[in-house]
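Please keep the sequence and the 3D structure side by side while reading this briefing. The points below are grouped by topic, and each can be checked by eye.

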Amino acid sequence: MEGLKESFRSIESYLGSTVHDVLEWLYGERDRGSKPDEQQMLDRFASRWSEGWNDDITIIRIDENQETYLRTGREMLDRFHRETFTRDRSQTVSLEQRLSAPLSDGVVFTGIADRVGRTEQGRLFVVDYKTSRSKGNGSEFSEGLQAPLYAACVLKLHGERVALAGYHYLRHGTTQWRRIDDEQAERLWARVLELVGETESAGDFPARPGILCAWCGFNAHCPAAEVPDRFAGGLRYAQSTR
Ligand code: SF4
(Lines give C-alpha, C1' and ligand atoms only; values in the text may rest on other atoms or scores of the structure.)
Protein backbone atom coordinates (compact mmCIF):
# COMPACT_ATOMS: atom_id res chain seq x y z
CA MET A 1 0.00 0.00 0.00
CA GLU A 2 3.05 2.25 -0.25
CA GLY A 3 2.25 5.66 -1.73
CA LEU A 4 -1.50 5.29 -1.21
CA LYS A 5 -3.43 8.20 0.20
CA GLU A 6 -6.39 7.83 2.52
CA SER A 7 -9.58 7.58 0.47
CA PHE A 8 -11.74 9.69 2.76
CA ARG A 9 -11.74 11.85 5.83
CA SER A 10 -14.26 11.04 8.54
CA ILE A 11 -16.78 13.66 9.55
CA GLU A 12 -15.68 13.14 13.17
CA SER A 13 -12.18 14.29 12.20
CA TYR A 14 -13.64 17.28 10.36
CA LEU A 15 -15.83 18.18 13.33
CA GLY A 16 -12.80 17.99 15.63
CA SER A 17 -10.61 20.27 13.52
CA THR A 18 -13.43 22.77 12.95
CA VAL A 19 -14.20 23.00 16.66
CA HIS A 20 -10.47 23.37 17.42
CA ASP A 21 -10.25 26.25 14.94
CA VAL A 22 -13.14 28.02 16.65
CA LEU A 23 -11.58 27.57 20.10
CA GLU A 24 -8.30 28.97 18.81
CA TRP A 25 -10.22 31.92 17.36
CA LEU A 26 -12.08 32.49 20.66
CA TYR A 27 -8.88 32.80 22.70
CA GLY A 28 -7.17 34.75 19.93
CA GLU A 29 -10.03 37.26 19.97
CA ARG A 30 -9.80 37.53 23.73
CA ASP A 31 -6.08 38.32 23.45
CA ARG A 32 -6.92 40.99 20.86
CA GLY A 33 -9.20 42.62 23.42
CA SER A 34 -12.65 41.51 22.27
CA LYS A 35 -15.03 39.07 23.93
CA PRO A 36 -16.94 37.10 21.32
CA ASP A 37 -20.43 36.19 22.53
CA GLU A 38 -22.07 32.83 21.90
CA GLN A 39 -23.76 33.92 18.71
CA GLN A 40 -20.54 35.27 17.18
CA MET A 41 -18.86 32.00 18.07
CA LEU A 42 -21.64 29.91 16.51
CA ASP A 43 -21.57 32.08 13.36
CA ARG A 44 -17.85 31.48 13.15
CA PHE A 45 -18.42 27.74 13.49
CA ALA A 46 -21.05 27.72 10.75
CA SER A 47 -18.91 29.67 8.28
CA ARG A 48 -15.78 27.66 9.01
CA TRP A 49 -17.79 24.44 8.55
CA SER A 50 -19.21 25.39 5.17
CA GLU A 51 -15.94 26.91 3.86
CA GLY A 52 -13.91 23.78 4.69
CA TRP A 53 -16.43 21.16 3.56
CA ASN A 54 -15.50 18.96 0.59
CA ASP A 55 -16.69 15.72 -0.99
CA ASP A 56 -14.02 13.56 0.64
CA ILE A 57 -15.53 14.17 4.08
CA THR A 58 -17.55 11.09 4.82
CA ILE A 59 -20.25 10.12 7.30
CA ILE A 60 -19.11 6.73 8.59
CA ARG A 61 -22.19 5.93 10.71
CA ILE A 62 -24.71 5.43 7.95
CA ASP A 63 -27.73 6.25 10.14
CA GLU A 64 -26.45 9.76 10.81
CA ASN A 65 -26.32 12.89 8.70
CA GLN A 66 -24.39 16.15 8.51
CA GLU A 67 -26.93 17.97 10.71
CA THR A 68 -26.24 15.55 13.57
CA TYR A 69 -22.60 16.60 13.61
CA LEU A 70 -23.32 20.28 13.18
CA ARG A 71 -25.67 20.10 16.15
CA THR A 72 -23.05 18.28 18.22
CA GLY A 73 -20.46 20.92 17.34
CA ARG A 74 -22.83 23.74 18.32
CA GLU A 75 -23.66 22.01 21.61
CA MET A 76 -20.01 21.44 22.51
CA LEU A 77 -19.05 25.04 21.74
CA ASP A 78 -22.10 26.47 23.45
CA ARG A 79 -21.31 24.57 26.62
CA PHE A 80 -17.64 25.50 26.45
CA HIS A 81 -18.47 29.17 26.05
CA ARG A 82 -20.98 29.20 28.91
CA GLU A 83 -19.20 27.00 31.43
CA THR A 84 -15.50 27.52 30.68
CA PHE A 85 -14.61 30.42 28.41
CA THR A 86 -16.58 33.14 30.20
CA ARG A 87 -15.14 32.06 33.57
CA ASP A 88 -11.60 31.47 32.39
CA ARG A 89 -9.19 33.98 33.98
CA SER A 90 -6.05 32.20 32.82
CA GLN A 91 -3.58 33.88 30.53
CA THR A 92 -2.80 32.48 27.08
CA VAL A 93 0.88 31.88 26.37
CA SER A 94 0.37 30.34 22.92
CA LEU A 95 -2.26 28.65 20.78
CA GLU A 96 -1.69 25.67 18.48
CA GLN A 97 1.94 25.68 19.48
CA ARG A 98 4.32 23.27 17.78
CA LEU A 99 6.48 21.61 20.43
CA SER A 100 9.52 19.45 20.02
CA ALA A 101 12.13 17.81 22.19
CA PRO A 102 15.22 15.96 20.93
CA LEU A 103 15.47 12.73 22.94
CA SER A 104 18.49 10.97 21.46
CA ASP A 105 20.36 10.72 18.17
CA GLY A 106 17.67 10.59 15.50
CA VAL A 107 14.70 10.67 17.90
CA VAL A 108 12.79 13.92 18.23
CA PHE A 109 9.39 14.15 19.87
CA THR A 110 7.04 16.63 18.18
CA GLY A 111 3.44 17.62 18.72
CA ILE A 112 1.05 20.54 18.59
CA ALA A 113 -0.47 21.79 21.84
CA ASP A 114 -3.94 23.31 21.57
CA ARG A 115 -3.38 25.90 24.26
CA VAL A 116 -0.48 26.75 26.56
CA GLY A 117 -1.30 29.14 29.35
CA ARG A 118 -0.78 30.26 32.90
CA THR A 119 -3.31 29.96 35.70
CA GLU A 120 -4.21 33.02 37.75
CA GLN A 121 -1.58 31.79 40.24
CA GLY A 122 1.06 31.76 37.50
CA ARG A 123 1.30 27.99 37.00
CA LEU A 124 2.16 26.93 33.47
CA PHE A 125 -0.35 24.55 31.84
CA VAL A 126 -1.06 22.78 28.57
CA VAL A 127 -4.60 21.80 27.65
CA ASP A 128 -5.71 19.55 24.84
CA TYR A 129 -9.33 19.68 23.65
CA LYS A 130 -11.08 16.41 22.91
CA THR A 131 -14.25 16.03 20.86
CA SER A 132 -14.41 12.24 21.31
CA ARG A 133 -17.63 10.63 22.56
CA SER A 134 -15.94 9.02 25.54
CA LYS A 135 -13.33 10.24 27.97
CA GLY A 136 -9.91 8.59 27.82
CA ASN A 137 -9.17 5.98 30.44
CA GLY A 138 -5.70 7.31 31.26
CA SER A 139 -3.82 4.42 29.65
CA GLU A 140 -0.77 5.19 27.53
CA PHE A 141 -2.59 4.82 24.24
CA SER A 142 -5.87 6.31 25.31
CA GLU A 143 -4.40 9.83 25.09
CA GLY A 144 -2.69 9.27 28.47
CA LEU A 145 0.79 10.33 27.36
CA GLN A 146 -0.07 13.14 24.99
CA ALA A 147 -0.75 16.10 27.31
CA PRO A 148 1.92 15.04 29.86
CA LEU A 149 4.49 14.95 27.05
CA TYR A 150 3.40 18.40 25.90
CA ALA A 151 3.75 19.58 29.50
CA ALA A 152 7.25 18.07 29.60
CA CYS A 153 8.08 20.05 26.45
CA VAL A 154 6.86 23.36 27.87
CA LEU A 155 8.79 22.76 31.09
CA LYS A 156 11.95 22.56 29.00
CA LEU A 157 10.95 25.51 26.86
CA HIS A 158 10.22 27.81 29.80
CA GLY A 159 12.88 26.44 32.14
CA GLU A 160 10.35 25.66 34.88
CA ARG A 161 9.93 22.71 37.23
CA VAL A 162 6.16 22.10 37.33
CA ALA A 163 3.35 22.34 34.79
CA LEU A 164 -0.21 21.07 34.55
CA ALA A 165 -1.30 18.77 31.73
CA GLY A 166 -5.00 18.70 30.95
CA TYR A 167 -7.57 17.13 28.70
CA HIS A 168 -10.79 19.06 28.25
CA TYR A 169 -13.61 16.79 27.07
CA LEU A 170 -15.90 19.07 25.12
CA ARG A 171 -18.86 16.69 24.96
CA HIS A 172 -18.80 16.29 28.73
CA GLY A 173 -17.69 19.76 29.80
CA THR A 174 -15.02 18.39 32.11
CA THR A 175 -11.25 18.74 32.37
CA GLN A 176 -8.85 16.17 33.78
CA TRP A 177 -5.60 17.63 35.08
CA ARG A 178 -2.32 16.00 35.95
CA ARG A 179 0.65 17.71 37.59
CA ILE A 180 3.95 17.07 35.83
CA ASP A 181 7.24 17.95 37.48
CA ASP A 182 10.71 17.78 35.98
CA GLU A 183 11.41 14.31 37.44
CA GLN A 184 8.20 12.92 35.94
CA ALA A 185 9.12 14.60 32.66
CA GLU A 186 12.43 12.69 32.61
CA ARG A 187 10.57 9.42 33.23
CA LEU A 188 8.18 10.25 30.38
CA TRP A 189 11.07 10.83 27.98
CA ALA A 190 12.61 7.52 29.06
CA ARG A 191 9.30 5.79 28.39
CA VAL A 192 9.06 7.31 24.91
CA LEU A 193 12.58 6.12 24.10
CA GLU A 194 11.65 2.65 25.36
CA LEU A 195 8.59 2.60 23.07
CA VAL A 196 10.68 3.81 20.12
CA GLY A 197 13.19 1.01 20.82
CA GLU A 198 10.41 -1.59 20.93
CA THR A 199 9.04 -0.32 17.61
CA GLU A 200 12.43 -0.33 15.92
CA SER A 201 13.22 -3.86 17.04
CA ALA A 202 9.84 -5.30 16.03
CA GLY A 203 10.28 -7.58 13.02
CA ASP A 204 6.85 -7.26 11.50
CA PHE A 205 3.68 -5.29 12.07
CA PRO A 206 0.64 -7.56 11.75
CA ALA A 207 -2.71 -5.93 10.95
CA ARG A 208 -4.93 -5.51 13.98
CA PRO A 209 -8.44 -5.19 12.61
CA GLY A 210 -11.20 -3.87 14.83
CA ILE A 211 -13.92 -1.28 15.03
CA LEU A 212 -11.56 1.52 13.96
CA CYS A 213 -11.23 -0.08 10.50
CA ALA A 214 -14.47 1.76 9.65
CA TRP A 215 -12.65 5.08 10.15
CA CYS A 216 -9.43 3.99 8.38
CA GLY A 217 -9.00 5.66 5.01
CA PHE A 218 -7.20 2.56 3.67
CA ASN A 219 -10.03 0.12 4.44
CA ALA A 220 -10.95 -0.37 0.77
CA HIS A 221 -7.42 -1.66 0.08
CA CYS A 222 -6.69 -3.56 3.28
CA PRO A 223 -7.33 -7.34 3.11
CA ALA A 224 -7.69 -7.51 6.90
CA ALA A 225 -10.32 -4.75 7.18
CA GLU A 226 -13.40 -5.52 9.28
CA VAL A 227 -16.12 -2.93 8.69
CA PRO A 228 -19.64 -3.52 10.03
CA ASP A 229 -22.46 -2.51 7.67
CA ARG A 230 -23.76 0.19 10.03
CA PHE A 231 -20.37 1.94 9.93
CA ALA A 232 -19.68 1.40 6.23
CA GLY A 233 -20.05 5.01 5.00
CA GLY A 234 -16.31 5.49 4.45
CA LEU A 235 -15.77 2.08 2.88
CA ARG A 236 -18.66 2.59 0.43
CA TYR A 237 -17.37 6.02 -0.53
CA ALA A 238 -13.85 4.62 -1.05
CA GLN A 239 -15.17 1.77 -3.22
CA SER A 240 -17.26 4.16 -5.29
CA THR A 241 -14.27 6.38 -6.08
CA ARG A 242 -11.71 3.67 -6.94
S1 SF4 B 1 -6.55 -3.53 9.77
FE2 SF4 B 1 -8.12 -1.94 9.78
S3 SF4 B 1 -7.14 -0.15 10.70
FE4 SF4 B 1 -5.48 -1.56 10.07
S5 SF4 B 1 -4.92 -0.87 7.98
FE6 SF4 B 1 -6.48 -2.49 7.78
S7 SF4 B 1 -8.41 -1.34 7.64
FE8 SF4 B 1 -6.91 0.06 8.48
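Which exposed residues does the face of H2 turned away from its buried side carry? In this predicted model, the exposed residues on that face of H2 are Gln 39, Asp 43, Ser 47, Ser 50 and Glu 51.

**Helix H2**
- The buried residues of H2 are Met 41, Phe 45 and Trp 49, and because they fall within an arc of 70° when seen down the helix axis, they line one face of H2.
- Among the elements that cover these buried residues of H2 are helix H1 (11-31) and helix H3 (66-83).
- The length of H2, which runs over residues 38-52, can be checked as well: at 1.5 Å a residue its 15 residues should span 21 Å, and its end C-alpha atoms are 21 Å apart, so the two values agree.

**The two domains**
- The domain assignment of the chain gives domain 1, made of 9-86 and 207-240, and domain 2, which covers 90-201.
- Taken over C-alpha atoms, the centres of domain 1 and domain 2 are separated by 23 Å, and the contact takes 13 residues from domain 1 and ten residues from domain 2.
- On the side of domain 1 that touches domain 2, the elements that give two or more residues are H1 and H3, and the largest share, nine residues, comes from H1.
- Sorted by class, this side of domain 1 has six nonpolar, three polar and four charged residues.

**Helix H1**
- H1 has 21 residues and reaches 30 Å from its first C-alpha to its last, which is close to the 30 Å expected at 1.5 Å a residue.
- The buried residues of H1 include Ile 11, Tyr 14, Leu 15, Val 22 and Leu 26.
- H1 is followed by Gly 33, a residue whose phi is positive, near 95°.

**Helix H5**
- Helix H5 takes up residues 146-158, and its 13 residues should span 18 Å at 1.5 Å a residue, while its end C-alpha atoms are 19 Å apart, which agrees.
- Buried residues of H5 include Ala 147, Pro 148, Leu 149, Tyr 150 and Val 154.
- What the buried residues of H5 pack against includes strand S3 (91-104), strand S4 (107-118) and helix H6 (182-201).
- Gly 159, whose phi is positive, near 60°, follows H5.

**Around the ligand**
- The residues around the ligand are Ala 207, Pro 209, Leu 212, Cys 213, Cys 216, Phe 218, Asn 219, Cys 222, Ala 224 and Ala 225.
- By class, this shell around the ligand has nine nonpolar, one polar and no charged residues.

**Two single residues**
- Glu 96 has its place in strand S3, and its phi is near 50°, a positive value in a residue other than glycine.
- Glu 96 counts as partly exposed because it has 15 C-beta neighbours inside 10 Å.
- Arg 242 is found in the segment after helix H7 (233-240), and with 7 other C-beta atoms within 10 Å it is exposed.
- The C-alpha atom of Arg 242 is separated by 9.8 Å from that of His 221, although the two residues are 21 residues apart along the chain.

How values were computed. Residues are numbered from 1 along each chain as its sequence is written. This is a predicted model: local features need pLDDT of at least 70, side-chain atom pairs count only at pLDDT 80 or more; totals for chains, interfaces and linings use all residues. Helices (H or I, at least four residues) and strands (E, at least two) are DSSP runs, numbered from the N terminus. The expected span of a helix is 1.5 Å times one less than its number of residues. A residue is buried if 20 or more other C-beta atoms lie within 10 Å of its own, exposed if 12 or fewer, and partly exposed in between; C-beta atoms are placed from the backbone. The arc is that of the directions from the helix axis to the C-beta atoms. Two residues are in contact if their C-beta atoms, placed from the backbone, lie within 7 Å. Domain bounds come from an automatic or database domain assignment. Ala, Val, Leu, Ile, Met, Phe, Trp, Tyr, Cys and Pro count as nonpolar, Asp, Glu, Lys and Arg as charged, and the others, Gly among them, as polar. A residue is near a molecule or strand if its C-beta atom, placed from the backbone, lies within 6 Å of it.
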